[in-house]
Amino acid sequence: MAHAVTASGTPPVRANEPLNADSVRRARIDLAACLRWAARNGLEEGICNHFSAVLPERPDLFLVNPYGLAFAEVTASSLLLCDFHGNVVEGDGQPEATAFHIHAELHRLKPNARAAFHTHMPYATALAMLEGQPLLWAGQTALRFYGRIAVDEDYNGLALDASEGERIARSAGEADVVFLKNHGVMVLGETIAEAWDDLYYLERAAQAQVLAMSTGRTIKTVPEEIVKRVAAQEAAGRAESARLHLESVKRVLARDEPTFLA
């Protein structure tokens, strides 16, 4: 059952700026679009996964999907605006308890992680269930994640208090992607678009690897010097590519599922 929860520690200093209605609306639309498109791609698990994003001008407030709605049901206005004490500032309902504890601590401890997407998406989660490093440097799509992955080896049950959220946040270090062993993945981004872009391509990379592994043949990995070169090439254009990727998602949704804008 959903209920209000309280984060440990000190939240980010409350910004003095009032809420900017236009900025909040844009963030709501972007996050709702990511949730809807994740549903289309089978990246959600029932009502149990969660995406969050800190407001651009208010580092003390973040949007998160409400407990009880499937990703495909989320609209821009149904997203909850929460503070770091577990209070819902705008919206009806409550965040799912583990969503609050994980995301509040991530945003509190990692201020550059403006967006945090947590899923149990099938292929990436399958790799999180294996011993050793989850992602191999064998497919081109995987190479964008070189040097950007952390692995949390210590599954500790549901995150029903702030200490578990803090532990997960600290395990991320400087990584953008955290494989939570026996659990799922967390993708962090400086923007909603960048988090979405990485989430999407992470699952595609994981899917390709699982399919390759299923053949029983030896995986051919890429030499490290080429891996590093491709990762640098990807990094150079990643932010703009992510922006364009999300814009394309919003155009398709505006045509096919315009209710996400409500």
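**Ground rules.** I am working on a predicted model, where local features need pLDDT of at least 70, side-chain atom pairs count only at pLDDT 80 or more, and totals for chains, interfaces and linings use all residues. Numbering runs from 1 along each chain as its sequence is written, and side-chain values use heavy atoms, with hydrogens and water left out.

**Aromatic pairs.** A pair of aromatic rings is described by the distance of the centres and the angle of the planes. My criterion: rings of Phe, Tyr and Trp (its six-membered ring) pair if their centres lie within 6.5 Å, and the pair is stacked with planes under 30 degrees apart, edge-to-face over 60, and tilted for the rest. I found seven aromatic pairs in the structure. One of them, Phe51 with Phe117, is stacked, at 4.0 Å centre to centre and 5 degrees between the planes. This pair links distant parts of the chain, since Phe51 sits in strand 1 (residues 50-55) and Phe117 in strand 5 (residues 115-119), 66 residues apart. Phe51 and Phe117 are both buried; buried means under 20% relative accessible area, exposed over 50%, and partly exposed in between (1.4 Å probe, protein chains only).

I then turned to Trp196 and Tyr200, a tilted pair at 6.0 Å centre to centre and 40 degrees between the planes. Both lie in helix 6 (residues 192-214), four residues apart, about one turn of the helix. Trp196 and Tyr200 are both buried.

**Cores.** In soluble globular proteins, nonpolar side chains tend to be buried together. I count a nonpolar core as a set of buried Ala, Val, Leu, Ile, Met, Phe, Trp, Tyr and Cys residues joined through side-chain atoms within 4.5 Å. The largest one here has 49 residues, and Leu31, Phe51, Phe117, Ile192, Trp196 and Leu202 touch the most other members. Helix 1 (residues 21-40) gives the largest share of this core, eleven residues. Another core, of 13 residues, lies apart from it, with Leu106, Ile168, Leu180 and Leu188 among them.

I checked contacts (heavy atoms within 4.5 Å) for Leu31. Leaving out residues up to four places away in sequence, Leu31 touches partners including Phe51, Leu79, Phe117 and Ile192.

**Helix 1.** Is helix 1 mostly covered or uncovered? Mostly covered: 15 of its 20 residues are buried.

**His120.** I found His120 in the loop between strand 5 and helix 3 (122-128). Why does His120 count as buried? Because its relative accessible area is 18%. Its side chain makes a polar contact with the side chain of His183 (3.3 Å). Such a contact is a pair of N or O atoms within 3.5 Å; within protein, one must be able to donate a hydrogen and the other to accept it, and residues adjacent in sequence count only if both atoms are side-chain atoms.

**One more backbone angle.** Asn182 lies in the loop between strand 7 and strand 8 (184-189). Phi of Asn182 is near 65 degrees, a positive value in a residue other than glycine.

Definitions and conventions:
Helices (H or I, at least four residues) and strands (E, at least two) are DSSP runs, numbered from the N terminus.
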